[in-house]
Amino acid sequence: MNIHDFQIVLQEVPGEISLCFSISGCSIQCKGCHSTFSWKKDNGSILTKKYFLEQLKKYKGIATCVLFMGGEWHEKELIENLELAKKIGYKTCLYTGQEKVSIQLKKQLTWLKTGKWKEHLGGLDSKNTNQKFIEIKTNKKLNHLFFKN
């Protein structure tokens with residue numbers, strides 16, 4: 001599993017400071033995608049357990065969530081990383097263009113964003129979006145957290 005980018009983000013998971021890992025190899029390739037760098041599976045470098053653990057330890061007490069932008073196509077590795085993050089005390093989130101993910105993957109998530117990017121419908125901050133931001137424990141759709149007043 002290759003990581004193209006690592007960032008600390010504030011808006012993707014409302015109320016959380018998230019360690020965001022952008023995974024390479026997305027086959028959905030939505031028209032208008034802001035992350036076309038993620039399409040080629042060989043972009044970036046291998047996300048090693050050592051590097052992942054270093055980031056989790058480095059930002060423990062500062063960040064509260066681990067967010068993967070994609071990676072569900074590497075389900076076994078993704079689940080292992082999510083389990084590790086949870087063990088250390090992080091909440092977890094996955095952004096995917098898919099409509100559904102496996103039950104095994106959901107068990108490791110606090111939140112899940114689903115749905116392809118469709119420019120004419122907008123993103124999570126649009127009331128017309130096809131995308132959903134779900135709290136896994138309650139199965140509640142939380143898109144309203146992204147709406148501007």
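In which strand is Lys132 found? I started my notebook with that one, and Lys132 turned out to be in strand E7, which covers residues 132-135. A reminder to myself before going on: this is a predicted model.

**Entry 1: Lys132**

Then I listed what Lys132 touches, skipping residues up to four places away in sequence: Leu112, Lys113, Thr114, Leu124, Lys141 and Asn143.

**Entry 2: Lys113**

I found Lys113 in strand E6, residues 111-114. Is Lys113 buried or exposed? Lys113 has 6% relative accessibility and therefore counts as buried, since the cut-off for buried is under 20%. Beyond four places in sequence, I noted that Lys113 touches Leu94, Tyr95, Thr96, Leu124, Gln131, Lys132 and Phe133. For Lys100, I read a C-alpha to C-alpha distance of 9.6 Å from Lys113, with 13 residues apart in sequence.

**Entry 3: Thr96**

From Lys113 I moved to Thr96, one of its contacts. Thr96 sits in the loop that runs between strand E5 (91-95) and helix H3 (103-106). Thr96 counts as buried, because its relative accessibility is 2%. A polar atom of the Thr96 side chain lies 3.0 Å from the backbone nitrogen of Gln98. Leaving out residues up to four places away in sequence, I wrote down Glu72, Val101, Leu112, Lys113, Thr114 and Gly115 as residues that Thr96 touches.

**Entry 4: Trp73**

Next I visited another loop residue, Trp73, which lies between E4 and H2. At a relative accessible area of 31%, Trp73 is partly exposed. Its contacts beyond four places in sequence are Ile23, Ser24, Gly25 and Cys26. For Ser24 I found a detail: its backbone oxygen lies 3.2 Å from a polar atom of the Trp73 side chain. The Trp73 side chain also makes a polar contact with the side chain of His74, at 3.3 Å. I compared positions with Val101 too; Trp73 and Val101 are 28 residues apart in sequence, and their C-alpha atoms are 9.8 Å apart.

**Entry 5: the nonpolar cores**

How many residues does the largest nonpolar core have? I read 24, and those with the most contacts inside this core are Leu19, Phe21, Phe52, Val66 and Phe68. At least two residues come from each of strand E1 (2-9), strand E2 (18-23), helix H1 (49-58), strand E4 (65-69) and helix H2 (75-88). H2 gives the largest share, five residues. I also noted a second, separate core of twelve residues, with Cys65, Leu67, Leu124 and Phe133 among them.

Back in the largest core, I followed Phe21. Beyond its neighbours within four places in sequence, Phe21 is in contact with residues including Ile3, Phe6, Leu47, Tyr51, Phe52, Val66 and Phe68.

**Entry 6: H1 and H2**

How do the axes of H1 and H2 cross? I found that they cross at roughly 30° and come within 11 Å. H1 and H2 are therefore roughly parallel to each other, as angles under 35 degrees count that way. The crossing of H1 past H2 is right-handed. Where they meet, I noted Lys49, Phe52, Leu53 and Leu56 in H1, and Asn81, Leu84, Ala85 and Ile88 in H2.

Terms used. Residues numbered from 1 in each chain as written. Predicted model: local features only at pLDDT ≥ 70, side-chain atom pairs only at ≥ 80, totals over all residues. Heavy atoms only, no water. Core = buried A, V, L, I, M, F, W, Y, C linked by side-chain atoms within 4.5 Å. Buried < 20%, exposed > 50% of the residue type's maximum accessible area, 1.4 Å probe, protein only. Helix = DSSP H or I, 4+ residues; strand = E, 2+ residues; numbered from the N terminus. Contact = heavy atoms within 4.5 Å. Polar contact = N/O pair within 3.5 Å; in protein donor to acceptor, adjacent residues only side chain to side chain. Axes fitted to C-alpha atoms, helices over the stretch in contact; angles between N-to-C directions. Parallel < 35°, antiparallel > 145°, perpendicular 65-115°, else oblique. Left-handed = near helix turned anticlockwise from the far one by under 90°.
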